[in-house]
Amino acid sequence: MTTFDRTWWKEAVVYQVYPRSFNDSDGDGLGDIPGIIEKVDYLDDLGVDCLWLNPVYDSPGVDNGYDIADYRSILDEFGTMDDWETLRDELHKRDIKLIMDLVVNHTSDEHTWFLNSQSSGDSDFREYYWWREGRDPEETDLDPEDYDTPDDVNEVPPNDWQSFFGGPAWSYDEDSGEWYLHIFDERMPDLNWETEAVRDEVFEMMEWWFDKGIDGFRMDVINLISKPDGLPNSDDPEAIVRGAGQFVNGPRVHDYLEELHDRVLDEEAMTVGEMAELSVEEARQYTGRDGDGMSMVFTFDHMRLDMTDAGRWSYREWSPQELKETMTHWQEGLADEGWNSLFLNNHDEPRQVSRFGDDEYYRRESAKMLATLLHTLRGTPYIYQGEELGMTNYPFDSLEEVRDVDTIKNVRAARKSGRIDDADVMDLVRYRTRDNARTPMQWNDSTHAGFTESEATPWMPVNPNKDDINAKDARDDPESIWHYYRDLISLRKERDVLVYGDYDLRLEDHENLWVYTRTLEEDSLLVVLNFAGEETRFDPPSDLRGEAADLLISNYESDIVSVETTVLRPWEARVYDLH
C-alpha cells in the first residue's frame with residue numbers, strides 16, 4: 001500500500017461562512033453564531049472538513065468585521081463567547097476543523113490601542129500605528145484640495161499612497177496635528193509591525209485563540225504588514241493602487257512571518273495567507289518548510305483576468321484560455337514547493353457561476369463544471385456559502401441598495417476622476433460589487449429564503465431567484481448542484497490521486513477545452529472541461545485515444561468505455577478513470 005506524507009489541510013475541503021449572511025437565529029435580520037450551529041449538520045451532510053469563519057470579533061462594522069476593536073471578544077450581534085465555544089465543539093464532534101480570520105494589518109479606530117495612540121503624549125502606543133507629520137504642498141506634486149483637512153491647515157500627507165477603498169491612504173488628525181496611515185478605510189488604521197510590542201500583542205492573541213481550540217487562521221492581506229523605511233512615494237505606475245509597489249511584499253514581511261511561525265504555530269496548524277499581489281516565486285517564499293511556514297496562500301491572478309490596468313473597478317472580456325494558462329502557471333509553479341488554494345469566489349468577489357459560468361441559460365451545467373475544475377486540480381478547494389447551490393449575483397437597481405464600503409468609495413472616486421460614466425456605473429456595480437456574495441443564504445423559498453423570520457428585515461436583500469435556487473429544493477433533487485458537490489467531495493476523499501497526484505496539462509492551445517491528467521503512481525485520471533455554452537469537439541491526445549476508461553463523474557449522462565473523439569455538450573465536465 002502506497003504511503004504519503006499526509007497533511008490534513010491538503011486533504012480537506014474548506015467551507016467559508018460569512019456569518020452576517022448565513023443564518024439568523026433570533027430574528028434581527030443578521031446572521032449569527034447560533035444560526036451557524038443550527039446548520040452544522042448541513043455542513044456535515046455536505047461532507048466538508050473545515051469551516052473558515054469570517055470575523056465575528058467586536059467591531060463597529062465599517063468593513064463588516066474586518067475592522068476589529070477587540071480581538072478577544074465576540075460582537076454582541078453575533079452572540080457570545082459561549083456560543084462560539086458551542087460552535088467549536090459541535091464542529092469538532094463531527095471532525096470538522098475550525099479556522100478563524102486573522103486581521104492584523106490594521107485595526108478599527110475604536111481599538112484601545114488606537115485610541116491611546118491618538119494621545120501624542122503616550123509615545124508607547126503612538127508607535128503602534130504610522131503617525132507622521134504632513135508636508136508643505138509647495139514641495140510636492142500633491143494638491144491640498146484632494147485631502148480633507150481644516151481650512152487653516154495647508155499641508156498634504158507624508159506620501160502619495162492611495163487606499164484600496166479609493167482616495168488617499170492618509171487621514172489628518174486635528175487633535176495631534178499629524179497624519180495616520182490606512183491602506184483601507186480611514187477608520188481602519190494600519191498597525192506598525194516595526195514596533196516589537198505590536199508583534200508581541202499579535203502573537204499573544206493568536207496563542208490565546210489556539211488555546212481555545214481553533215485549528216488555524218486565514219490571514220487577511222498579510223503581505224501588506226511591512227512598510228519601507230521612510231515611507232517613500234509610489235514608484236510603480238502600474239501597481240494595483242498608487243503606492244502598492246512600496247507596501248505589498250514589503251522589506252521585512254518575511255522576517256515578521258518567520259517570527260510568527262516560530263513563536264506561535266505548530267505543524268498541525270493550518271495557515272492560509274491572503275496576498276494582495278504575488279508571483280509564484282514570491283509564494284514559495286511564504287509557504288513550506290523552506291519558506292515562512294504558511295500552509296498555502298490565496299492568490300488573485302486568475303481573479304483579475306476581467307480587469308484592465310485601471311484595476312478592480314474596470315472591466316474587460318476574459319477568455320477560457322487565459323484562465324487555463326493562469327491557473328496552470330500556479331499549478332506547475334507550486335508543484336514541488338508550496339500548495340495552492342482553489343477558489344473562484346469568496347466574500348470579496350462576485351458569485352462564480354455569474355462570473356465564470358452562465359447563470360442565465362446553463363446555470364446548473366456551468367456550476368457543476370466549475371466545481372469539477374476546483375475539486376480536481378491540485379490544491380485545497382474552498383467552497384463559499386451558497387456556491388454549492390449555484391447562487392448567483394444580485395440584480396441591484398441602484399447604489400442605494402449597496403452596503404459595501406469598497407463599492408461606494410471606489411465608485412465615488414471613479415466618478416470624480418471621470419473613469420466611469422454614470423451610464424455605466426450600475427452595470428459595473430452589478431458585475432463587480434462584493435455585495436453579490438453577501439446576500440442572505442437561500443435555505444428555502446419562503447419570504448426571506450429561510451434566512452430569517454418573515455417579520456424581520458434582512459440586513460441585505462434576498463435574491464429574488466430564491467424560489468428556484470435554495471438548499472431545500474437542492475437537497476430533495478438528486479441531480480442538483482448540491483448533490484454534485486457532495487459527490488465531488490466524497491470522490492476526493494476516496495482517491496488520493498486528486499489530492500497528491502501530478503497535474504499535467506494536455507491540449508494546451510485549445511480555446512474552449514481545459515484538459516489535464518492527474519497521476520499518482522499507477523493511478524491516473526483524465527479531466528475534460530468544456531468552457532463554452534456550445535457543443536465542442538474533443539479529440540483526445542494521441543497517447544490516450546482509445547484507452548479503456550470509466551466515467552468517474554460528469555454533469556451529463558454518458559456511456560463511456562474508453563477515451564474517444566466526441567462532441568461535448570455546453571459546459572460539459574468529464575472525469576475519466578483510466579485503466
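Q: At what angle do helix H7 and helix H9 pack, and how far apart are their axes?
A: In this predicted model, H7 (residues 196-211) and H9 (residues 253-264) pack at an angle of about 40°, and their axes are 10 Å apart.

Q: Why is H7 called oblique to H9?
A: Roughly parallel needs an angle under 35 degrees, and roughly perpendicular covers 65 to 115. The angle here is about 40°, so H7 is oblique to H9. The crossing of H7 past H9 is right-handed.

Q: Which residues in H7 and H9 meet?
A: From H7 they are Arg199, Asp200, Phe203, Met206, Glu207 and Phe210, and from H9 they are Tyr256, Glu259, Leu260, Arg263 and Val264. Sorted by class, the contact of H7 with H9 has six nonpolar residues, five charged and no polar ones.

Q: What makes helix H14 roughly antiparallel to helix H15?
A: The axes of H14 (residues 405-417) and H15 (residues 422-432) cross at roughly 155° and come within 11 Å. Angles over 145 degrees count as roughly antiparallel, therefore H14 is roughly antiparallel to H15. H14 also passes H15 in a right-handed crossing. Thr407, Val411 and Arg415 of H14 make the contact with Asp422, Val425 and Val429 of H15. Three of these residues are nonpolar, one is polar and two are charged.

Q: Why is the aromatic pair of Tyr42 and Trp482 called tilted?
A: The search of the whole structure finds 36 aromatic pairs. For Tyr42 and Trp482, the distance is 6.1 Å centre to centre and the angle between the planes is 45°. Ring centres within 6.5 Å make a pair, planes under 30 degrees apart count as stacked and planes over 60 as edge-to-face.

Q: Where in the chain are Tyr42 and Trp482?
A: Tyr42 is in helix H3 (residues 40-46) and Trp482 in helix H17 (residues 481-494), so the pair links parts of the chain that are 440 residues apart.

Q: How do you know whether Tyr42 and Trp482 are buried or exposed?
A: Buried means under 20% relative accessible area. Tyr42 has 4% and is therefore buried. Trp482 has 1%, so Trp482 is buried too.

Q: Which residues do ring pairs link into a cluster?
A: The cluster holds Tyr57, Tyr71, Trp84, Trp113, Phe125, Tyr128, Trp208 and Trp209.

Q: What makes Asn436 count as buried?
A: The relative accessible area of Asn436 is 0%, and the cut-off for buried is under 20%. Asn436 is found in the loop between H15 and helix H16 (471-476). Not counting residues up to four places away in sequence, Asn436 touches Pro350, Arg351, Thr392, Asn393, Tyr394, Phe396, Val429, Arg430 and Tyr431. Arg351 is 85 residues from Asn436 along the chain, yet their C-alpha atoms are separated by 6.4 Å.

Q: What is the phi of Leu231 and of Leu507?
A: Phi is near 45° for Leu231, a positive value in a residue other than glycine. For Leu507 phi is near 50°, also positive. Leu231 lies in the loop between strand E9 (216-219) and helix H8 (244-247), and Leu507 in the loop between strand E14 (502-506) and strand E15 (513-520).

Methods
Residues are numbered from 1 along each chain as its sequence is written. This is a predicted model: local features need pLDDT of at least 70, side-chain atom pairs count only at pLDDT 80 or more; totals for chains, interfaces and linings use all residues. Side-chain values use heavy atoms; hydrogens and water are left out. Axes are lines fitted to C-alpha atoms, for helices over the stretch in contact, and angles run from 0 to 180 degrees between N-to-C directions. Helices (H or I, at least four residues) and strands (E, at least two) are DSSP runs, numbered from the N terminus. A crossing is left-handed if the near helix is turned anticlockwise from the far one by less than a right angle, and right-handed if clockwise. Contact means heavy atoms within 4.5 Å. Ala, Val, Leu, Ile, Met, Phe, Trp, Tyr, Cys and Pro count as nonpolar, Asp, Glu, Lys and Arg as charged, and the others, Gly among them, as polar. Rings of Phe, Tyr and Trp (its six-membered ring) pair if their centres lie within 6.5 Å; planes under 30 degrees apart count as stacked, over 60 as edge-to-face and the rest as tilted. Buried means under 20% relative accessible area, exposed over 50%, partly exposed in between (1.4 Å probe, protein chains only).
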